[in-house]
Amino acid sequence: MTWLAAPVEAAGVAPLRALADVLSAVCLLAGGLLSFLAAVGLIRFPDVLSRIHAVTKPQILGVLLVLAGVALRLRYPADLGMILLVAVFQLITAPVAAQMIGRAAYRSGKVRRDLLDVDEVAMPPTGADRTAR
């Protein structure tokens with residue numbers, strides 16, 4: 001009975017593995033491209049805030065795509081748990097680090113104010129904000 005079931009199972013699993021490998025390659029390439037674009041933005045943009053924007057958003061999506069590609073390729077529960085942890089820490093730490101770098105750059109005067117549309121940090125609080133405090 002097992003000699004009959006084995007080829008049927010192999011025939012059904014092989015296309016799924018091939019599809020997962022193709023999806024993995026697409027995710028890895030897209031993630032690498034986004035990370036490359038983040039690096040280009042880091043070099044090309046004029047000030048700290050623009051560079052932070054260029055580095056955080058495509059870099060996080062690029063890392064998540066790379067992790068998805070690695071997860072599709074490895075397919076082991078222990079590896080998937082570690083990949084999930086890396087993704088969660090990346091999602092938590094990158095925005096916080098970008099916020100801290102942006103505030104430090106603003107306080108030290110490294111921000112080009114002519115490129116800002118609205119300077120919310122320098123704006124005085126409105127009447128509603130004052131009454132809430």
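The model is predicted, so local features are given where pLDDT is at least 70 and side-chain atom pairs count only at pLDDT 80 or more, whereas totals for chains, interfaces and linings use all residues. Residues are numbered from 1 along each chain as its sequence is written, and side-chain values use heavy atoms, with hydrogens and water left out. The protein has four helices and zero strands, where helices (H or I, at least four residues) and strands (E, at least two) are DSSP runs numbered from the N terminus. Of its 133 residues, 20% are buried, with buried meaning under 20% relative accessible area, exposed over 50% and partly exposed in between (1.4 Å probe, protein chains only).

**Helices and their packing**

- Read from the N terminus, the order of elements is α-α-α-α.
- Two packed helices are described by the angle between their axes and the distance between the axes.
- The axes of α2 and α3 come within 10 Å and cross at roughly 180°, the axes being lines fitted to C-alpha atoms, for helices over the stretch in contact, with angles running from 0 to 180 degrees between N-to-C directions.
- This crossing makes α2 roughly antiparallel to α3, a term for angles over 145 degrees, while those under 35 count as roughly parallel, 65 to 115 as roughly perpendicular and the rest as oblique.
- The contact of α2 with α3 has 20 nonpolar, four polar and one charged residues; here Ala, Val, Leu, Ile, Met, Phe, Trp, Tyr, Cys and Pro count as nonpolar, Asp, Glu, Lys and Arg as charged, and the others, Gly among them, as polar.

**Salt bridges around Asp21**

- The structure holds two salt bridges, each defined as a side-chain nitrogen of Lys or Arg within 4 Å of a carboxyl oxygen of Asp or Glu.
- In one of them, Arg73 pairs with Asp21, and the closest N and O atoms are 3.1 Å apart; the pair links distant parts of the chain, with Arg73 in helix α2 (residues 48-74) and Asp21 in helix α1 (residues 2-44), 52 residues apart.
- Asp21 also forms a salt bridge with Arg75, where the closest N and O atoms are 2.8 Å apart.
- Because Asp21 lies in helix α1 and Arg75 in the loop between α2 and α3 (77-107), this pair ties together parts that are 54 residues apart in sequence.
- Through shared partners, the salt bridges join Asp21, Arg73 and Arg75 into one network.
- Asp21 is partly exposed at 30% relative accessibility, and Arg75 is partly exposed at 34%.

**Nonpolar surface and individual residues**

- Leu29, in helix α1, is exposed at 65% relative accessibility, and its C-alpha atom is separated by 9.2 Å from that of Gly62, 33 residues apart along the chain.
- Pro95 lies in helix α3 and is partly exposed, with a relative accessible area of 41%; Pro95 and Ile60 are 35 residues apart in sequence and 9.2 Å apart in space, C-alpha to C-alpha.
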